[in-house]
Amino acid sequence: MSANGSPPRAIPRDSFASRLIEAVAGLADRPMAWIQHAVGGRGMAYVFLAPNILFFGLFVFLPIGINMAMSLTGGTNLFLSERPFVGGDHYRALMQCGSYLDPASCREDHFWKGVSNTLKFTLFQMVAMVGTALVTALVLNRKIRGRGFFRAVYFFPVLLSPVVVALIWKWILQRDGLLNGAITLAGGEKILFFVEPGWAMFWAVFVSVWAHMGFYTLILLAGLQAIPADLYEAAEMDGTKPMRVLTRITLPLLWPNLVVVLVLVLIKAVQTFDEVFVLTGGGPGTATLMVVQYIYETAFANQVQNFGLAAAASMLLGSLLFALTMLQLWIARRKAA
Amino acid sequence: MNRRHWLAGALVAVALASSPVQAQTTLRMTWYSDGNEGEVMRDLLNRFEAGNPGIKVVLDTVPFKAINENLPVQLAAGQGPDMARIVDFGGLAKFALDLRPHLANAPNWEQNFGPFLEWMREPGNTTAIPGYMTQLTVTGPLVNKTLFEQAGVAIPGPKATWDDWAKAAKAVADKVKAPYPVAFDRSGHRFFGLAVSQGAKMIGADGLPTPSDEGFRRAAQLIVDWHKSGVMSKELWGSVSGTAYRGANEEFKNAQVPFYLSGSWQIAQFDKTVGNAFDWIAAPTPCGPANCSGMPGGAGVIGIKATKHPAEVAKVMDFLASEPILSEFYARTLFVPGHIGIAKKGVAYRGASAQAAAALKVFGDAVGALDPAAYRIQGNAYSRIVFNAAISRIGQAVAGEITIDDAIKRIDADVAQQVAERNKK
């Protein structure tokens, strides 16, 4: 149906446009028929999948393979052919710890500090992100005045580049920033947010939630709008309390969307780098040093660019991410079953 | 198309193919700027191009961070420029082109850049001429004279110690409510500006770095103690992690810093940006138990080994490093000369205010007071490994995460690991 309710106009069969479309589509007929003849009807599925597989192979699996090979070599040369094979040395260096719960006891203490900070960040960020996105989606799903405006406002930060987001907040939070200006106007003392480890982690999480919440709200909002209205009407007729409606109707039916949001938030949180790096620089000390920043610094910022060690660290990070995602999907499937 | 048209077309093609535009060699120079030196260099290159129509030089200006982080990767991949302005001479020595076979007057280069060429050569190489110095830098304090006057605190004299300066700057900051009594750039090079005066040597008999000597430890302890006592603010050294550089330029320009340990390269910038807002001076490096020496340093332009046009690169370098051109470059950029002949004759700095000229004089004098250990540290191929390890770990000690003892153990381990990695063949 078109916007005014009338059915869309079909292209007249003998028109120029129609003939052009037929001619263009017809160009593929012969080659496709030939391919189908060669591979058979069943094989056609793989033919259609091939471009995507090629794309993934080239830009995802091949780099993973190169990264794996890089992690088994040493030295500072860039090309694999010029790098000496060192076996599992980098992995051994990364795993050499007195206690995995105490990064200071590890040979690569910054790696483990990064792992510890990333886990903390992920935990706080997931709870805050999913909670805030859910509440916002529930509110924006109600018939409130200015609903369209608020939906746009919450989504707007998603459009900004992470570096821009971090710079904006850095200006707000620095010694002479807007927030400290407001605090001193109210008679308070300036707070050095980037010097106190607790504050630095708090703002790293806060800024991340502020910047990305709109996207997850949108996913949840789509899920909420897909829940049939008659379920709510039936519940209302039965006099069901709002909290019970939320826990017995809304959340169970929203579960598939929540799983998507949880997986995406988890992956994004573990990969966090740009926002936190620009906002806090990993400091104070190493209080907000994330594991991706460790990888970046080891490979590029240190005087000796240790690509092998960085590649080994990223392989470990990738494995951790894979395991966490599988675990989460397994839990979600069990719950759905 | 008749025969006459074909003939005309062929003539045009031959004319185009043999025109100067077709024969031009384009060279790329990767550059960074602290002040106006990019504009000055472009102006000089325009002059070179006018005299050498067969060579065009494209100046690719990048942030300083890219010089240290991206350029090495580019060079390792064989994708770099033909020339580059760099500061990490030792780290990039293996990518440098030996200009000697292509230079018009190699002995002249040796005579004027001799001590600095050693910084640019690979260990064991005693003959290569990889490039020239765009500036010699010296670390040293920049002092906000107006803040001292407002606070009624006397500026310490020429032989004042670090302790004298720390006390004076703290007294000033307390009176005028300046948030940063003493500010150091978060840089290993600046840290060694303090450490050398405390007796740090950094290099063992075998030429390998031995960072944690007594002088180094004393300097690290001072930095940590100053943060604890409020002489230094954690916002520079304690607020970021790893090897991140943080300068206090903005804070100094905003009159929030009575005493700023930075260096000679800031003069042109402050002369322009501070203007008449307040009076500032350069002071001699404070004295420690060992000496009153800061750290030398500098930036230079090197030719890149992977260039396809070594002769043209040498021609450009010969022009840029010639005495009249380089003298003009130093005069217009307010840089301390890294050319022995020009340094001896002196530079008539152009457009410098009285306070900038006075500051240049102080830094020029400081060059003569540099301790030999400072030159050795700067020229060591591994110095930047130590610089980076130092700021990363001392930064953690400043933030209160680890003790000085732990920081020094970690610095030793980090340096050993990186030296081993660099030497893996």
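**A covered strand and its neighbours**

Modeller: Let us start with strand β8 of chain B, residues 296–303, which is mostly covered, with 8 of its 8 residues buried. Please keep in mind that this is a predicted model. In a regular strand, side chains alternate between the two faces of the sheet. For β8(B), both faces are covered: B:P296, B:G298, B:G300 and B:I302 lie on one side, B:G297, B:A299, B:V301 and B:G303 lie on the other, and all of them are buried.

Now look at the strands that pair with β8(B). Strand β3 of chain B, residues 83–86, pairs with β8(B) in the antiparallel sense over 4 bridges. To find that pairing, go to B:M83, which stands opposite B:G303 of β8(B). Strand β4 of chain B, residues 131–144, is also antiparallel to β8(B), and 7 bridges join the two. Here B:L136 has B:G298 of β8(B) as its bridge partner.

Strand β6 of chain B covers residues 259–263 and is mostly covered, with 5 of its 5 residues buried. B:F259, B:L261 and B:G263 point one way from β6(B), B:Y260 and B:S262 point the other way, and all are buried. One further step takes us to strand β5 of chain B, residues 182–184, which pairs with β6(B) over 3 bridges in the parallel sense. In this pairing, B:V182 stands opposite B:F259 of β6(B).

As for what lies elsewhere, chain A meets chain B through 25 residues of chain A in contact with 28 residues of chain B. On the chain A side, those residues divide into 10 nonpolar, 13 polar and 2 charged.

Within chain A, the axes of helix α5 (residues 162–173) and helix α7 (residues 197–225) come within 11 Å and cross at roughly 130°, so α5(A) and α7(A) are oblique to each other. Their contact is made by A:P162, A:V165, A:A166, A:W169 and A:L173 of α5(A) together with A:W203, A:V207 and A:A211 of α7(A). By class, this contact has 8 nonpolar residues, no polar ones and no charged ones.

Just after α8(A), A:G239 takes a positive phi of about 75°.

Key:
Residues are numbered from 1 along each chain as its sequence is written. Chains are lettered from A and ligands numbered from 1 in the order in which they are written. This is a predicted model: local features need pLDDT of at least 70, side-chain atom pairs count only at pLDDT 80 or more; totals for chains, interfaces and linings use all residues. Two residues are in contact if their C-beta atoms, placed from the backbone, lie within 7 Å. Ala, Val, Leu, Ile, Met, Phe, Trp, Tyr, Cys and Pro count as nonpolar, Asp, Glu, Lys and Arg as charged, and the others, Gly among them, as polar. Axes are lines fitted to C-alpha atoms, for helices over the stretch in contact, and angles run from 0 to 180 degrees between N-to-C directions. Angles under 35 degrees count as roughly parallel, over 145 as roughly antiparallel, 65 to 115 as roughly perpendicular and the rest as oblique. A residue is buried if 20 or more other C-beta atoms lie within 10 Å of its own, exposed if 12 or fewer, and partly exposed in between; C-beta atoms are placed from the backbone. Two strands pair if DSSP finds at least two bridges between them.
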